[in-house]
Amino acid sequence: MLPAAGEPAAGDSWGMLACLCTVLWHLPAVPALNRTGDPGPGPSIQKTYDLTRYLEHQLRSLAGTYLNYLGPPFNEPDFNPPRLGAETLPRATVDLEVWRSLNDRLRLTQNYEAYSHLLCYLRGLNRQAATAELRRSLAHFCTSLQGLLGSIAGVMAALGYPLPQPLPGTEPTWTPGPAHSDFLQKMDDFWLLKELQTWLWRSAKDFNRLKKKMQPPAAAVTLHLEAHGF
Amino acid sequence: MRSMVDDARIPKPGFWSNWSSWEEADAQNMLGHDPLFVFPKDKLVEEGSNVTICYVSRIHQDNISCYLEGVQIYGEQLDRSVSAFELKNVSFIREKGTNVFCKVDQGGVLGGIVLFVSKVLEEPKDFSCETQDLKTLTCTWDPGSDTGLTKQPSQSYTLFESFSGKKTLCKHRNWCDWQVAQDSQETFNFTLLAENYLRKRSVSILFNLTQRVHPMTPYNLLPKNVGATKATMTWKVHSIGNNSTLLCQLELLAEGKVIQQSNVSIKVNGEYLLSELEPDTEYVARVRCAYTNHFWKWSELISQKFNTAEAAPSEAPDVWRNLKLVSGHPTVSLFWKPLSKVHANGKILFYNVIVENLDKPSRFEVLSIPAPASSTELTLDQCSYQIHVTAHNSVGPSPASVIVVSGDPGNEEVEKGRVNGTEDGFSVSWKPQSGDATGYVVEWCDGPQDLPCVLQWKNLGPNTTSTVIRSGAFRPGVRYNFRIYGISTRRMAHLLEKKAGYLEELAPSDNPQVVMSKLTSRSFTLSWKDYSTESQPGFIQGYHVYLKPKAGEQCHPAFEKTVLPEDSVCCKYTIDNPEQKTFVVENLQPESVYEFIVTPYTSVGEGPLDAFTKVTTLDEYSHTLIHIILPMIFCILIVMIICYLKSQWLKEKCYPDSPNPYKSSVLSLIKSKENPHLTIMYVNDCVPDAIEVINKPEGSKIQFLGTRKSPTETEFTKPAYLYLLPTEKNYSGPGPCICFENFTYNQAASDFASCGHFPVTPQAPRHQLGPLTSPENLLKALEQNYMNSLGEIPAGEANLNYVSQLASPTSGDKDSLPTNPPEPALCSEYKMQTAIPLGLASAPPSENSSLSSTTLLGQGEHCR
């Protein structure tokens, strides 16, 4: 949009006047110059990014405690089991090209949906925890994660994106059925924490990217105007 | 498979049914499509069980390894695809279960199980039931360890009562309530059943309800009508059933200790009168109750704190006095000790001091001194006074303490003694006062003598003649003075004895400042008059005088030889009288260095032997020498003064300014001794007959020099000097001297022809002092020419030409020979007068004669 304002005119005064008019026409669209009082999505993106980093830090401590509670081999640093039975967990890993091809709305939608699912699973984890200390930590993390969901929803609203509506009957549920063995359940817990970690890392990257994208390019406008001899 | 009934209601032993028939199962087909299965899935066992784990693999590979809690385990391969592992005596690890898993190495295939190991369910301990109100029974027990796992909830507890057949599932793991039915059941048989998924344990008790009554804690315990020595305590209890009585125990505590205990039977309200209390004292009352019909347990205690009221002080304050003169007025300082808590009976607010003049009974003076002051000062006259001191609290005054003082301090000169200190204190004893002593007082100061006195005293009965004075303030090495007073029937105190003592005597820490005087060649006196024996850390018994003798010198018999700590030998003299503070050290060697130290000693030891003082005895003859030297110096001074006064005369006599042979004393000397033929020739008598014109060409000297003998050939002759003043043999420097030379009238002396005065350095070789250009050598050459000339002229015809000058050798002109001495001698010289043959002088000028004349003049110029 802005480069269009800076395109050289035909050389005569009419051309320059036309250029000036074009610039003035587009000025209200420049976010930095639009001082009607709405700060835009920038601050909320920044807050969401900060919250994501805080949750990353919080999860590091929680995962250590919970994996010790599960016992070896789940608390071993090099334990990398096949993903058995955790198919319902939203996967954070995605091909780089695919990820780059996603637009902001899709990314935000995927984030929102993933955390909605993960939060539900986490609450189930909390109900199963045997020790009060662990239950407290999990409850605290769930609250923070709920806050992150709210932040993402706020960003989406600020950008004018609708929130994804859960399809009826597809809501994740915590069903430790009899067919699901305790060992597989522990594997699920392990993968839940691991996916959470990966999602938070991915979200931090997404929000950082979005934050940079949403920065007001006011300086660029000034530069272009000066280049035309004003 | 077989079965057995396991129910608490069915009496044991139960019996097993018959085994069922075998059923076959195809494990491979029953399994799903997963590549690896581990069994048994999610097994729950008790601690100590043996568990067999097996895996079934579809992939038929050998590289499958299994792990128990991350540690590899090894089992038995039953088949190509089946292996079994036996775990023996498994133990509880965590509530979340023990992890066992198998995996195909580097194959990404993993299967596992969680083995839940439960703790063994324990039998409940200390199971008992009791009631507080005969309506509800509360049963309690110790549940032991919790067997809860994520696979198994904690053990549950169920209470059965066999008479009523009722049961209740307990909500808590260590207690349970049981409602007593209204049908007044008295006997109960309870069974407590604990169970989990694996085991059941039970315990039973049988009891009568009324024998298990544990009353509730009493309430509303309050003091009522609290006086100085009495108080009534009231309290309430919760009723138990109808018309039941409770036995309550009331305890009274003072300072944490039970001092009274009473039992009271009550129904609902309790009341008890506490007596024999101390006024103004804090007490704690506490109550507990038990069921009277059958004692089972005391209830919990309830406590209440209260204070008794004040009462008037019960005892007179202990008063003592100190008399002294301040500005000529007798002044009495009154001291009293604060009343103990037992006797004060409250907070002492002030002290009243009533001074009554015994000589003028109508006169009173009342002083009120607010607490906590414990002394006051009164200025008196010579009258006798009776002083009453009372302590007052909010209730009233104490009994009065009465003391009589007189303006006259009385006899202070009393017997002085010593008192021995022990670990317990000072054991002071005194002679009993004959007559009317109503008591004794021992008075002392707690601090050392140099500190302000904190007056202490101790009252003693009339029959006492000794006591032990104890004080936490007593310190070793400090002298304490005790004064013992007798109290007369008139309540007046009289000083009886004085005693001084140390709790523990110490060795002196300092030595006296010793002044040395009367030093002679064989003795000196030491004195330390300023040394105070009173303020020492022990009773000074005497002094040791240490004297370090000269090397090899023996100690004087009065001294004792001793070895000092640094291994040096010393002579020690012991003065056993502490008041002897002078000592004369005698029998010393003159002009010798001695070291001494004076150190006091107590019963414990002596002072430090650190700083010896050095003293050097005088020379024995020094005083004699002084007697000789002083007159000598005086005489020399007299001579010098005389010499100075007679210097003019001496100059005239010895070295007049113008030499006059007639005046010379030498002349008389010569005359008197030898050469009576010698006469004096006057210059004025000589008639000059020729005038010599002196031609002084520049090269003449050079010519002369070229013809003379070499220096090595020149015989060196010592010039004859006559020094009138004595000179040092090795004198080498210039100095004032009188050079008196005259060869004129002595032909023998004419061999030495020089006026040049060379200070002779004896050390230097003679030939070095006679260079070619030296006057001696020059004259030698001249003399040789002159003698040659004499050989040509008959001696009788020869006339003399005199050239005589008095001149300083330093006044030579530019052409004079370089005979500069190292330093010009300030001499007055009587120069040589050389006799020159007239013939030679008048001879026609020839080459030789011209040369001789030139040489002569050269010399003459030099001597001018």
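The model is predicted; local features need pLDDT of at least 70 and side-chain atom pairs count only at pLDDT 80 or more, while totals for chains, interfaces and linings use all residues. Residues are numbered from 1 along each chain as its sequence is written, chains are lettered from A in the order in which they are written, and side-chain values use heavy atoms, with hydrogens and water left out. The model scores ipTM 0.71 and pTM 0.52.

**Interface**

- Chain A gives 21 residues to the contact and chain B gives 20 residues, where contact means heavy atoms within 4.5 Å.
- About 1500 Å² is buried between chain A and chain B, 60% of it on carbon and sulfur atoms; buried area is the accessible area (1.4 Å probe) that two parts lose on being put together, summed over both.
- Of the area that chain A buries against chain B, 37% comes from A:Pro72, A:Asp182 and A:Phe183, more than from any other three residues.
- The rule finds one salt bridge across the interface of chain A and chain B, a salt bridge being a side-chain nitrogen of Lys or Arg within 4 Å of a carboxyl oxygen of Asp or Glu.
- B:Lys151 and A:Asp182 form a salt bridge through their side chains (3.3 Å, N to O).
- On the side of chain A that touches chain B, the elements that give two or more residues are α3 (42–70) and α7 (182–213) of chain A; helices (H or I, at least four residues) and strands (E, at least two) are DSSP runs, numbered from the N terminus.
- α7(A) gives the most to that side, with five residues.

**Helix α3 of chain A**

- The 29 residues of α3(A) should span 42 Å at 1.5 Å a residue, and the end C-alpha atoms are 41 Å apart, which agrees; the expected span is 1.5 Å times one less than the number of residues.
- After α3(A) comes A:Gly71, with a positive phi near 90°.

**Backbone of chain B**

- Most residues other than glycine have a negative phi, and most peptide bonds are trans.
- The peptide bond from B:Phe39 to B:Pro40 is cis, with omega near -5°, and B:Pro40 lies in the loop between β1 (36–39) and β2 (44–46) of chain B.
- B:Lys518 has a positive phi, near 50°.

**Confidence**

- Chain B has a mean pLDDT of 77, and 73% of its residues reach 70 or more; pLDDT is the predictor's confidence in each residue, from 0 to 100.
- Over residues 698–864 of chain B pLDDT stays under 50.
- Where pLDDT is low, the predicted coordinates should not be read in detail.
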